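Please look through the structure shown here, and then work through the questions and answers that follow.

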Amino acid sequence: MEKRKFARLAMHSDTNIKFNNTMYSGTVRDLSMKGAFVMIDARIPVNETVEVTIYTSSTPNMLCDLQAKVVRSTEYGIGLEFEKTVLD
């Protein structure tokens with residue numbers, strides 16, 4: 001049974017993740033109103049807070065700049081839950 005409250009949109013947008021004053025580049029695999037999965041090589045522990053900047057795929061313009069908590073970490077990337085959204 002699906003537990004998500006918001007549908008996820010598959011996408012491939014560039015992103016920067018800032019953790020402990022280090023910037024990592026990644027790719028957003030999917031995005032919802034409350035979270036995202038980011039393909040990234042860095043291993044960031046669950047429950048850590050990161051800064052996320054997502055860029056539009058058609059231009060280098062910033063789509064959003066948010067704080068998020070890491071809720072899942074895999075060999076492919078991290079699952080994020082946004083602490084606030086642009087709608088909050």
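## Loops, strands and contacts

Asn20 is placed in the loop that runs between strand S1 (9-19) and S2, and the model in which it is seen is a predicted one.

Q: Is Asn20 buried or exposed?
A: A residue counts as exposed when its relative accessible area is over 50%. Asn20, which also has a positive phi of about 50° although it is not a glycine, has a relative accessible area of 60%, and therefore Asn20 is exposed.

Q: Which loop holds Asn47, and what is its relative accessible area?
A: Asn47 is a residue other than glycine with a positive phi, near 80°. The loop that holds Asn47 is the one between S3 and strand S4 (49-55). Asn47 is exposed, and its relative accessible area is 55%.

Q: Is Ile44 buried or exposed?
A: Ile44 has its place in the loop between S3 and S4. The limit for a buried residue is a relative accessible area under 20%. The relative accessible area of Ile44 is 1%, and so Ile44 is buried.

Q: Which residues is Ile44 in contact with, leaving aside its neighbours within four places in sequence?
A: One of these residues is Val70, which is 26 residues from Ile44 in sequence, while the two C-alpha atoms are 7.5 Å apart in space. With the neighbours within four places in sequence left aside, the residues in contact with Ile44 are Ile17, Phe19, Val50, Val70, Ser73 and Ile78.

Q: Which residue forms a salt bridge with Arg29?
A: A salt bridge calls for a side-chain nitrogen of Lys or Arg within 4 Å of a carboxyl oxygen of Asp or Glu, and by this rule the count comes to one salt bridge. The closest N and O atoms of the pair are 3.8 Å apart, and the residue that forms the salt bridge with Arg29 is Asp30.

Q: Which class of accessibility does Arg29 fall into, and which one does Asp30 fall into?
A: Buried means under 20% relative accessible area and exposed means over 50%, with partly exposed in between. Arg29 has 36% relative accessibility and so counts as partly exposed. Asp30 has 13% relative accessibility and so counts as buried.

Q: What distance separates the C-alpha atoms of Glu75 and Ala42?
A: Glu75 has its place in the loop between strand S5 (62-73) and strand S6 (77-82), and with a relative accessible area of 58% this residue is exposed. Along the chain, Glu75 and Ala42 are 33 residues apart, while the separation of their C-alpha atoms is 9.1 Å.

Q: What pattern does the protein chain follow when it is read along the sequence?
A: The secondary structure of the protein chain comes to zero helices and six strands. Read along the sequence, the pattern is β-β-β-β-β-β.

Q: Among contacts between residues at least 6 apart in sequence, what percentage join residues at least 24 apart?
A: The protein chain has 88 residues, and buried residues make up 36% of them. Among the contacts in the protein chain between residues at least 6 apart in sequence, those that join residues at least 24 apart come to 46%.

Definitions and conventions. Residues numbered from 1 in each chain as written. Predicted model: local features only at pLDDT ≥ 70, side-chain atom pairs only at ≥ 80, totals over all residues. Heavy atoms only, no water. Buried < 20%, exposed > 50% of the residue type's maximum accessible area, 1.4 Å probe, protein only. Helix = DSSP H or I, 4+ residues; strand = E, 2+ residues; numbered from the N terminus. Contact = heavy atoms within 4.5 Å.
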